[in-house]
Amino acid sequence: MAKAARNFRSSCITLNPSFFAQLLAISPFSTPKKNSRNRSPRNLNLLLFLSLFILCTLSGICILSFYAISQSPAPCSVISPISSFPPFLMASLSSILKDYPKNSGPTLSTSVMVPLPARGVPSNANVSEIERDFWNQPNGEGYRPCLDFSLDYRKSSAKVSKERRKFLVVVVSGGLNQQRNQIVDAVVIARILESVLVVPVLQVNRIWGDESEFSDLFDLEHFKKTLQADVRIVTSLPSTHLVPQQSIENQLPFHVSPAWIRAKFLHQLNEEGLLILKGLDSRLSKNLPPDLQKLRCKVAFHALKFATPIQELGNQIARRMWIEGPYIALHLRMEKDVWVRTGCLTGLGPQYDNIISNERYSNPDFLTDKLNMTKSARRLAGLCPLSALEVARLLKALGAPRNAHIYIAGGEPFGGAHALQPLVHEFPKIATKEILAREGELDPYINRPSVLAAIDYIVSLSSDVFLPSHGGNMGRAMQGHRAYVGHRKYIKPNKRMMLPLMEDGSITEGEFGKIMQKLHKYSKGQPLLRNKKLDRDVLAYPVPECMCKL
């Protein structure tokens, strides 16, 4: 308020005191000097009118200036020279930063990771109606990003951003997108506890074996500056804070609320000044107050920008794919560890299935969820990744042309080229980051799967169509991010309904295609309200907390 008052004073026109003396001298409210040349009543009325007009004009200027400053709208700016977003989305992304002073760091309008524009098919192209429909983008219904935090949130930000005594350390685990989710929740928990957040520690994953640190994957300074109005972030603990063993907490229940977090940790944090949390995956409730949901979106879509070398290489590879025309990005979950963890058959024959069974027997703790179900039941319940053959049949049924360019995201498929053969047979224009990269570009990242996953993320975001073969963190991240930047097409396979139909030999390919198009009519990335179903993740469903209509 003090700052607004200062801006108010500075915004009014500065006038010399003599001006007011002269104005009062001619005002009818002052006593006129007696002389032989008294003014006529007509002149006095004219002077009265002029003086009141000038006073009203000056007051209006000051009031309008104060109103403009108090609203603090950020000027609209172009996000990216390659963006093809409609004006309302561009204006939205440039206006949602209201908590930052000018020249204090990145703005939300420039920090969001923006994809290359959708290519689509030319209006005069000789293509079928079903093919044209396949490349068409969904109707975004006018939704745009809007991170308008409440007045109470912004008032408390001054205190939170100046905290110096309480520190939160978070150790995150898993692959890249699992780590991103935990980093988001770490920021939110720090805000709930009104504590300083130490840059999250990335735990080495026993499957991935990636030893990357936070600053290897993400732009650390950008992360800190983007969130400076929300949480104070420091690179390391001060020397005054020791790490007592009893402060390490790694047994959090699932879906805890802000009230639970405060009741559990706030007293300890106030006493010791330090709290260390591990194992945050899916621990924080998906149903938080609106301001904390907006903070989640701000962290995920604005603050977690990839480190510059990764972002630049990802952009280069995306452009090489994009220049060829519209393309599909497939996230094929066909790595060896995925088959082990899901407890599913590979579809590659007994030889490959036996290898997975032996691996699963040696590491029983790798298997996740529904342990009492048979392999066949798991598949029909939609708990298994789609095979290359199943993905190919689905794409054909939905209208993807044979000459479509396809980018495959993900690790090396178990079974190599043999595993991908059914897909390549139907869609020969297949590319991966390894194919698109020039000699030596990927060499620094060969043993860093998280960096390779980040490149897949960047290329997938710019695709015209994205389709995951299995649920998971990457699929949910793409679903939400593509929605946030304009509702880019995202096809979510309805595995429970489609798999039995694939096994029904009495259905012709034509009939199968019509059924698939009807089945996925509302599963193409259209706006879906998070609060229509309980426990939906706002990072996958940013409407309505993080997006609103014009």
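A: Start with burial: a residue counts as buried under 20% relative accessible area, exposed over 50% and partly exposed in between (1.4 Å probe, protein chains only). L220 has a relative accessible area of 16%, so L220 is buried. This is a predicted model, in which local features need pLDDT of at least 70, side-chain atom pairs count only at pLDDT 80 or more, and totals for chains, interfaces and linings use all residues. Residues are numbered from 1 along each chain as its sequence is written, and side-chain values use heavy atoms, with hydrogens and water left out.

Q: Which residues is L220 in contact with, leaving aside its neighbours within four places in sequence?

A: Contact means heavy atoms within 4.5 Å. On that basis L220 touches V199, F214, S215 and T235.

Q: How are the axes of α17 and α18 placed?

A: Helices are DSSP runs (H or I, at least four residues), numbered from the N terminus. Axes are lines fitted to C-alpha atoms over the stretch in contact, with angles from 0 to 180 degrees between N-to-C directions. For α17 (residues 388-398) and α18 (residues 417-426), the axes come within 7 Å and cross at roughly 20°. Angles under 35 degrees count as roughly parallel, over 145 as roughly antiparallel, 65 to 115 as roughly perpendicular and the rest as oblique. The two helices α17 and α18 are therefore roughly parallel to each other.

Q: Which residues of α17 and α18 meet?

A: From α17, A388, L389, V391, A392 and K396 meet A419, L420, P422, L423 and E426 of α18.

Q: How many residues of α17 are buried?

A: Eight of the 11 residues in α17 are buried, among them E390 and L394.
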